[in-house]
Amino acid sequence: MGRQNVPRDQWLELGYECPRCGEQVTEADVYSWRPMPEDPKLLLLWCPNCGDRVEINHI
Ligand SMILES: [Zn+2]
C-alpha cells in the first residue's frame with residue numbers, strides 16, 4: 001500500500017482517511033511518530049476500524 005504525502009497541519013486538523021476502509025484516523029491513533037530515524041517524515045497509525053496499519057509522509 002503506497003504511502004501518501006499529507007501536510008501535517010491537514011491530517012492533524014481533519015484526520016486522514018484509511019486507504020482500506022475509509023475510516024478517519026487521527027492523532028489519537030498514532031502508533032509511532034518516527035519509527036525510523038533515517039526516514040523522519042514517516043508516520044505510522046493504526047486504523048481503529050479495520051486495524052490496518054496506515055503509513056503517511058507528513059510533510
Ligand atoms: Zn481502516
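Select cysteine 47 first: leaving out residues up to four places away in sequence, it touches Cys18, Arg20, Cys21, Glu23, Val25, Asp29, Asp52 and Val54. Keep in mind as you look around that this is a predicted model.

Now widen the selection to Trp11, Tyr16, Cys18, Val25, Leu43, Leu45, Cys47 and Val54: these eight residues make up the largest nonpolar core. In soluble globular proteins, nonpolar side chains tend to be buried together.

**Stop two: the sheet**

Switch to a cartoon view and look for four strands in an open sheet, running in the order β1-β6-β5-β4 with mixed pairing. At the edges you'll find β1 and β4 (30-32), each of which pairs on one side only. From one strand to the next, the twist averages 45°.

Zoom in on β1 and on β6 (residues 53-58): the two pair in the parallel sense, over three bridges.

**Stop three: glutamine 4**

Next, click on glutamine 4, which sits in strand β1 (residues 4-6). Which residue in β6 is the bridge partner of glutamine 4? Select isoleucine 56, and you have it. Setting aside neighbours within four places in sequence, glutamine 4 is in contact with Ile56 and Asn57.

Is glutamine 4 buried or partly exposed? Glutamine 4 counts as partly exposed because it has 15 C-beta neighbours inside 10 Å, and a buried residue needs 20 or more.

To finish, draw a distance between the C-alpha atoms of glutamine 4 and proline 19: these residues are 15 apart along the chain, and the separation is 9.7 Å.

Technical notes
Residues numbered from 1 in each chain as written. Predicted model: local features only at pLDDT ≥ 70, side-chain atom pairs only at ≥ 80, totals over all residues. Core = buried A, V, L, I, M, F, W, Y, C linked by C-beta atoms within 7 Å. Buried ≥ 20, exposed ≤ 12 C-beta atoms within 10 Å, placed from the backbone. Contact = placed C-beta atoms within 7 Å. Pairing = 2+ DSSP bridges. Axes fitted to C-alpha atoms, helices over the stretch in contact; angles between N-to-C directions.
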